[in-house]
Amino acid sequence: MQTRKQSPQSFATRAPLELKILVAGVLLFLYCPFGIILLYAFTTEETAFTFPPPGLTLDWFGVALFKRPDIWGPLTLSVQVALVATFIALVLGSLIALAVSRAKFFGREAITFLVILPIALPGIITGIALRSAIGLFGIDFSFWTIIVGHATFCVVVVYNNVVARLRRTAKSQMEASADLGAHSFQTFRYIILPAIATALVAGGMLAFALSFDEVIVTTFTAGQQTTLPIWILGQLTRPRQRPVTNIVALFVIAITFIPIVIAQRLTQDTNE
Amino acid sequence: MDKSSNLIPAVRFENVSRHFGEVKAVDDVSLEIHDGEFFSMLGPSGSGKTTCLRLIAGFEQPNLGSIFLHGARVNELPPYARDVNTVFQDYALFPHMSVEENVGYGLMVKKVAKAERTRRVQETLELVRLPQMAKRKPSQLSGGQRQRIALARALVNRPRVLLLDEPLGALDLKLRQEMQIELKEIQKQVGITFVFVTHDQEEALTMSDRIAVFNAGRVEQIGAPAEIYEHPQTAFVAGFVGTSNLVHSQVAQKLTGSNETFSIRPEKIRMVEPGTQVQNGWTALDGAVREVVYLGMLTRYIVAIEGGGELTVVRQNLDETSMDVLRARGKRVQLTWQRTFDRVLDQA
């Protein structure tokens, strides 16, 4: 019989045409807007966008780079915030992950839950809660209030990555290290750190990307400061030089997209 | 001085218990492991043998009792401060390090000088007969090679006690039998006390100087392999180490005049024609062959005894072919054995 020759794999890998069309449709829906942003970064129109664009030009790159000094403040602030928030997330996230995965202690489940919660909580809740707290304690809005807001969800990202990696790392490796005479710090440095290194990089990059384009929480914790996403939001109401906003958006896409691709590569690699 | 140090046991358990919640993994165990011996902890999974090993290594702390290593109480001593090393069941090689770095790890963390480290790593790799593998990563080794590297990594530190947690479990039969002999040779060569955990009774019988048989967190019997095999003290030991026939109440009464349960090994029973005269000191029972299992080298006969019960008899296929032995099914036979081979067991 013909059907007998067919291996189970060939059955599993062949998708029907309808499914392929559906998948293509979903992907198109997700990524079309990026294409539009890209296209209108090159349009010759300055105020309203029409389709198709009347002409294409590279002039707006020049304008964005040299004639719009108002871009640089928000950009530097966003990069600084993302870097510091990521650093805090790396330290706290990995420490929590180590504690939770290595030791059984009272309140362990509660801590796990509380650490993960901020990513599930709507940003608007986190934002308003932080704003109330900041107001209540009479703290002035600053660079650091933005960072605290971002750290709440950045810690989760690092924590999740590291916890998943530790779960895949055989516990016997750490026991073997101790058995061979290594103190806790030596075991951390020679065994645990290499095992979680790529998870840290991946988690850090995701955290950076999340922080870099965060709007909602930032709106509540930034006060009068403008981060790049908030600056972009502000540009939407301005009539002139609209393609400049698209160019900045492209830059944001690049700076968040690239780390996410790298992060995915790193977490995929085999642990063998 | 030398004499007295030899008298101090390498490992001593004094009424040691380790409980996990309600589960008594190790329940009031006392034992002594002599310096330089090959000691096996044998038992089914969940019998507490691995927990005992982990207690010696320091990965677990006893809830009750005391553990001594070479006379010193080590209950609270962390694993890195104990002069014992472990070969893990999953080998636990460090995947990001080369073979050389894996084997040298113990020396590296103890800050042994580079030259000395290199020399000892090479020496130990030669001992496990893998000197050419130094630069490889663990992922590039076969299962048997990883096992040897795990052994080398533990031996390089020259511990006074080496703990082995079912190290041969993942290997195929041929390789396992080779490694059994090799491990024994290495042990003689280095003269270190080996504590070997296994659920494989044949493995334990092959390699050990002494065996402790574990069941449900307790030690059932400790003794030399022949002693454990020939003189099982409990029904569990008789059944777990090799196979045994347990003869109960009525049949026992008929044969011995006492209703105490006794055990008899299948290979000690002879199967003869019914009505054959037996010698003095031998016992005889009539029965019929219920089942025949042909095993190649041996044949196993299950014989239904008149008056109730079954006995298993194992016979080497000296003169019979598989066709001959299979014809024995249903045949009436007489079973006979020397009375000195049956063992009255402790009532559990």
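Let's start with strand S7(B): Val161(B), Leu163(B) and Asp165(B) point one way from the strand, Leu162(B) and Leu164(B) point the other way, and all are buried (under 20% relative accessible area, with a 1.4 Å probe and protein chains only). This is a predicted model, where local features need pLDDT of at least 70, side-chain atom pairs count only at pLDDT 80 or more, and totals for chains, interfaces and linings use all residues. Residues are numbered from 1 along each chain as its sequence is written, chains are lettered from A in the order in which they are written, and side-chain values use heavy atoms, leaving out hydrogens and water.

- S7(B) covers residues 161–165, and five of its five residues are buried; strands here are DSSP runs of E, at least two residues long, and helices are runs of H or I of at least four, numbered from the N terminus.
- In a regular strand, side chains alternate between the two faces of the sheet.
- Strand S6 (residues 84–87) of chain B runs parallel to S7(B), joined by four bridges (pairing takes at least two DSSP bridges), and Thr86(B) stands opposite Leu163(B).
- Strand S8 (residues 193–198) of chain B also pairs with S7(B) in the parallel sense, over five bridges, and Val195(B) is the bridge partner of Leu163(B) there.
- From S7(B) the chain crosses through helix H6 (residues 173–190) of chain B to S8(B) in a right-handed β-α-β crossover, that is, clockwise from first strand over helix to second with the strands pointing away from the viewer.

How values were computed. Buried means under 20% relative accessible area, exposed over 50%, partly exposed in between (1.4 Å probe, protein chains only).
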